[in-house]
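Open the model in your viewer and keep the selection panel at hand. The stops below can be followed in order.

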Amino acid sequence: MKTIHYEKELKVKLRRYKRILDTLNPEQQEILRESIETIELNLAKEKIQDTDSLEDALINEYDNLKEFESFWPIIEGFTDVGEDEDSDRYPYPDIDMSNKEILTLTYDFFKNGTSKYFFSLFEQLFKQRRKIHFVNSSVPGFYGDTLFLNYDKSFYVQIGRLYEFNDIVVMAHEYGHGIQYLINYNRNIFYGLFPFSEVVSIFFELICGEYYTKDLSLGNKARISLYDNWNTTCKDAQALNQEIQIFKSSKIKRDESTEKKKRRLWTFIENSDYNKLVDLIMQNPSSDFSYILAYSIATNLFMIYLRDPDYAFYLLKKLIEIDLNLSSETYLQEIIKLGIIPNEGLEEFDRHLNRELKRL
Ligand SMILES: [Zn+2]
């Protein structure tokens, strides 16, 4: 289970918020109430459920994905790219950098690798850098996360340090979230628009990696990191696609009873390689859904960025400003209207990263 390292600060903040709540006007009260709820939700933290059977685990996975069935075809299209399943994993070069150095490099990227507009937003968040918690990550798959309180634009970050180049791009990723929240904050991004919650942060992550490929001492580390994250995402997409195919072929339906669902899945499990299926479900593929979708969209914007950075930043601002009260389907249509098309950048992106690898 994940730990929140800023728990103490949050509790202090919560007490302070509750003290001032009555002193505010109704409009401010509403914003503050929402921030209070955000803290309370984070302090409560949902417990990981222990599921006892494979059907239960699969139903759990299905429940995580069923709301967003209309985006399943994007995941199916994504997996076509990862052709070399067992491509070599490059060793992750260690990087002996202090937390302060990681911050300095992140600052350098936002200053010189983004636009004036995005740098000025970054600076607002950077002032709060004391709220960043660097932790020695022992939880596999945990890189970092953020908490934003819209009432006073508080921005909490925790980074699981792996002492790899990746620590820098994780920082850029988390600041990407913060920048998005500063421009357009609406909690619907965690609910109805959840599939799109990682697009902006993944874009910043990618261009931060790209920025450091130009650096004399960090260049190779940046190339490997970009490639490795991409490789992992392709594999995750394959796993998620396999799961989607299970749901499709077992003809499980959203509104039928759990018993009925279990029976359908059981029929499927009976005819499958049980151990392989367990391996797949243990990976919890649904948890990668928003990241894969983010790559699907951000890679297209990334290719635009390589050709014309200013235009890419213009599009990024437009993308962030899209109304966050829209339905997820309409939201995607708005992205497409900007000329950013899911899955369209994948092959080009793959070629780009492979070319970069040849420079190692
Ligand atoms: Zn993120």
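Is Glu34 buried, exposed or partly exposed, and how many other C-beta atoms lie within 10 Å? The model you are looking at is predicted. Select Glu34, which sits in helix H2 (residues 26-44). Glu34 is partly exposed, because 15 other C-beta atoms are within 10 Å, and 20 or more would be needed for it to count as buried. Leaving out residues up to four places away in sequence, Glu34 touches Asn150 and Arg187.

Next, go to Leu125 in helix H6. Leu125 is buried, because it has 23 other C-beta atoms within 10 Å. Residues up to four places away in sequence aside, Leu125 touches Phe155, Tyr175 and Gly178.

Now select helix H13, residues 309-321. Its 13 residues reach 18 Å from the first C-alpha to the last, close to the 18 Å expected at 1.5 Å a residue. Colour Ala312, Phe313, Leu315, Leu316 and Leu319, which are buried. Looking down the axis of H13, you will find the buried residues within an arc of 160 degrees, so they line one face of the helix. On the other side of H13, Asp310 and Glu321 are exposed. To see what covers the buried residues of H13, show the elements that include helix H6 (116-126), helix H8 (199-213), H12 and helix H14 (328-337).

From there, move to the largest nonpolar core, which has 86 residues. Select Ile168, Phe203, Cys208, Ile292, Ala298 and Leu301, the members that touch the most others. Helix H12 (residues 289-307) gives the most to this core, contributing twelve residues. In soluble globular proteins, nonpolar side chains tend to be buried together. Centre the view on Ile168: beyond its neighbours within four places in sequence, Ile168 is in contact with Ile102, Leu105, Thr106, Cys208 and Tyr212.

The last stop is a helix pair. Select helix H9 (residues 219-249) and helix H15 (residues 346-358), whose axes come within 9 Å and cross at roughly 140 degrees. The crossing of H9 and H15 is left-handed. Where do H9 and H15 meet? Show Arg223, Leu226, Tyr227 and Trp230 in H9, which meet Leu353, Glu356 and Leu357 in H15.

Technical notes
Residues are numbered from 1 along each chain as its sequence is written. This is a predicted model: local features need pLDDT of at least 70, side-chain atom pairs count only at pLDDT 80 or more; totals for chains, interfaces and linings use all residues. A nonpolar core is a set of buried Ala, Val, Leu, Ile, Met, Phe, Trp, Tyr and Cys residues joined through C-beta atoms within 7 Å. A residue is buried if 20 or more other C-beta atoms lie within 10 Å of its own, exposed if 12 or fewer, and partly exposed in between; C-beta atoms are placed from the backbone. Helices (H or I, at least four residues) and strands (E, at least two) are DSSP runs, numbered from the N terminus. Two residues are in contact if their C-beta atoms, placed from the backbone, lie within 7 Å. The expected span of a helix is 1.5 Å times one less than its number of residues. The arc is that of the directions from the helix axis to the C-beta atoms. Axes are lines fitted to C-alpha atoms, for helices over the stretch in contact, and angles run from 0 to 180 degrees between N-to-C directions. A crossing is left-handed if the near helix is turned anticlockwise from the far one by less than a right angle, and right-handed if clockwise.
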